[in-house]
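Dear colleague,

Please find the structure below, handed over for your use. My notes on it follow.

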2 protein chains.
Amino acid sequence: MDARSAPASIEELLDRILEVSDGLPKRLRQCAEYVAANPDRVAVSTVAEMSEGAGVQPSAFMRFCQVLGFSGFSQMQRLFRDSYAQNWPDYATRLEKLRESGAGSPSALLAEFVEAGRLSLENLAKTLDPRALDTAIKALSEANMVHIVGMRRAFSVASYLAYAFEKMNVPTMLHDSVGNLDSRHAIREGDAVIAITFAPYSPETVALAEAGARAGAKVVAITDSLASPLRPVTPLLLTVSEADFGDFRSLSATLSLAVALVVAVGTANRARKNGIP
Amino acid sequence: MDARSAPASIEELLDRILEVSDGLPKRLRQCAEYVAANPDRVAVSTVAEMSEGAGVQPSAFMRFCQVLGFSGFSQMQRLFRDSYAQNWPDYATRLEKLRESGAGSPSALLAEFVEAGRLSLENLAKTLDPRALDTAIKALSEANMVHIVGMRRAFSVASYLAYAFEKMNVPTMLHDSVGNLDSRHAIREGDAVIAITFAPYSPETVALAEAGARAGAKVVAITDSLASPLRPVTPLLLTVSEADFGDFRSLSATLSLAVALVVAVGTANRARKNGIP
DNA sequence: GCCATTATGGAAGATATGTTCCATTTTTCA
DNA sequence: TGAAAAATGGAACATATCTTCCATAATGGC
């Protein structure tokens, strides 16, 4: 066995498996194949489960880990667990460090936000429930009019949605708070409301969503956790968790979701107008 | 505590958290909030890690699990581990699958926008000139007040900048076009203007940037090409090219740049106030 | 076919992790 | 304000899990 140190990333690990598996004895090769086929299980399984899956004894699996350069299963598992959970590094402390170390140059900062944005996007693609998206789009495209509400940070998203829907010829009303005019009575049965809010949730947004629901409109919520106050209001919940960086979120994922919504609804409407059922 | 049995799915679990968290004591509520905000960590963490994250003792976290109806942490963790193995085809292959399968399905569309966003972010990190960023930040942080203007699609970015600057205690004015009131005379010498516009460029935005320059304010332009009409107006040009998808852009990169700007300016200001040169 | 070498299985030992208990602190209500 | 109830923190305990070891089985070369 070679004395190289343990792989530092999952890619590296899979490379090494590929590299050594030809010269491996039967049982160890079973392990190699099982891990290569089910890398996702490593993070959440015990040696017993893994070895059973591979059809070998725990001790064999143990040897396999060591052949790969790990001290044991635990070390290998840490790699997988980190790549899963620590995909969301603690950006707050990272920002701290950048500031302290003086490496906090604007470009370094930008790089961090770019990275945060990328993680958020990947996470969105991985976690968003396609069925939830489908039902949300169905509700929106059947609506007579789409009402949009979002305050503070979410206002950027709301205004973008309003812009894009308008461009797609979807009847839209953006509920802003100019003049503190309350326009909740504009929401009528057969309409739809898109409510966007992130922690700390704006009461105004929630209130308007509730008013919409009472008026008989379908409510689509874009929010950041299943613990959102919008959850009791509507079953149509699209959750987007953005990677934090300090006190700020990039909104990259949220905006991508927004564009996807608009385009999907826009095309659905167009299809209907052209007589396709 | 009620004697109902343990939740059988993560959805059910989050529902129950929502349901009970109001009547929970302080520490247990901390647990509830932490779990709701980081459900992904449960699968790969130990009680010690979870309780540390929530800021409580392991025993408190234990009690929390039991209030939810589980026998202990292990049982709750099993729920997450089981559900985890399923939704983990990795990002790349998932994207492939989406494209192959429902070419026009909403999820496929979302995947496209996610991909577009990612490309834009990578491109931004690669192409943005660090020196341009530095000078822009210097100009902004030396300004008495920051004026922000952007129309149509760029309005989302403008409103986000306004929100974030305000949060950073930077004096800010968002120039919208409510009531078609013209507020260009609010811009004075020693101020700075951030003008955001993309093709087809809004004349109003360009006009306001020009007015600002004439008034003796520094103008920072966020735009999409060097051929922008803002080029003659100011040397401080930050160009961001977003990947198009159909008629829409995701704005992911632009927003990341925006956050970076804000945080950099905010910290620069704070440093100055504390007497650091 | 025999010996040396390597691989394997199972069980025993070490360690990390989950769980419970109880003294102490904090809160609540009279 | 004082007593009762609830909540909390930390340490002790139990257990699941990882890891090592070695006797036995299989393999390969001579």
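In what follows, Ala, Val, Leu, Ile, Met, Phe, Trp, Tyr, Cys and Pro count as nonpolar, Asp, Glu, Lys and Arg as charged, and the others, Gly among them, as polar. A residue is near a strand if one of its heavy atoms lies within 4 Å of it. By class, the surface near DNA strand C comprises 5 nonpolar, 7 polar and 3 charged residues.

Please note that this is a predicted model, in which local features need pLDDT of at least 70 and side-chain atom pairs count only at pLDDT 80 or more, while totals for chains, interfaces and linings use all residues. Residues are numbered from 1 along each chain as its sequence is written, chains are lettered from A and ligands numbered from 1 in the order in which they are written, and side-chain values use heavy atoms, with hydrogens and water left out.

The DNA contact

DNA strand C is surrounded by 15 residues, the closest being A:Arg27, A:Gln57, B:Val47, B:Met62 and B:Phe73. Of the atoms of DNA strand C that come within 4 Å of the protein, 72% belong to sugar and phosphate.

B:Val47 places a backbone N or O atom 2.8 Å from a phosphate oxygen of DNA strand C. B:Gln66 uses its side chain instead, with an N or O atom 2.8 Å from a phosphate oxygen.

Helices are DSSP runs (H or I, at least four residues), numbered from the N terminus. Those that give two or more residues to the surface near DNA strand C are α2 (26–37) and α5 (58–67) of chain A, together with α4 (47–54), α5 and α6 (73–86) of chain B. The largest share, 3 residues, comes from α5(B).

Helix α5 of chain B

Buried means under 20% relative accessible area, exposed over 50%, and partly exposed in between (1.4 Å probe, protein chains only). In α5(B), residues 58–67, B:Ala60, B:Phe61, B:Phe64 and B:Cys65 are buried. They lie on the same side of α5(B) because they cover an arc of only 145° around the axis, the arc being that of the directions from the helix axis to the C-beta atoms. Just after α5(B), B:Gly69 has a positive phi of about 110°.

Cysteines

With a disulfide taken as a pair of cysteine sulfur atoms within 2.5 Å, the count over all chains is 0. A:Cys31 is in no disulfide, the nearest cysteine sulfur, that of A:Cys65, being 7.7 Å away. A:Cys31 is buried, at 0% relative accessible area. In chain B, the sulfur of B:Cys31 is 7.7 Å from the closest cysteine sulfur, in B:Cys65, which is too far for a bond.

Salt bridges

There are 7 salt bridges over all chains, each a side-chain nitrogen of Lys or Arg within 4 Å of a carboxyl oxygen of Asp or Glu. B:Asp129 and B:Arg131 are paired at 3.6 Å, N to O; B:Asp129 is partly exposed at 32%, and B:Arg131 is exposed at 63%. B:Lys138 and B:Glu142 are paired at 3.3 Å, N to O, and both lie in helix α9 (residues 130–142) of chain B, 4 residues apart.

Yours sincerely

How values were computed: A polar contact is a pair of N or O atoms within 3.5 Å; within protein, one must be able to donate a hydrogen and the other to accept it, and residues adjacent in sequence count only if both atoms are side-chain atoms.
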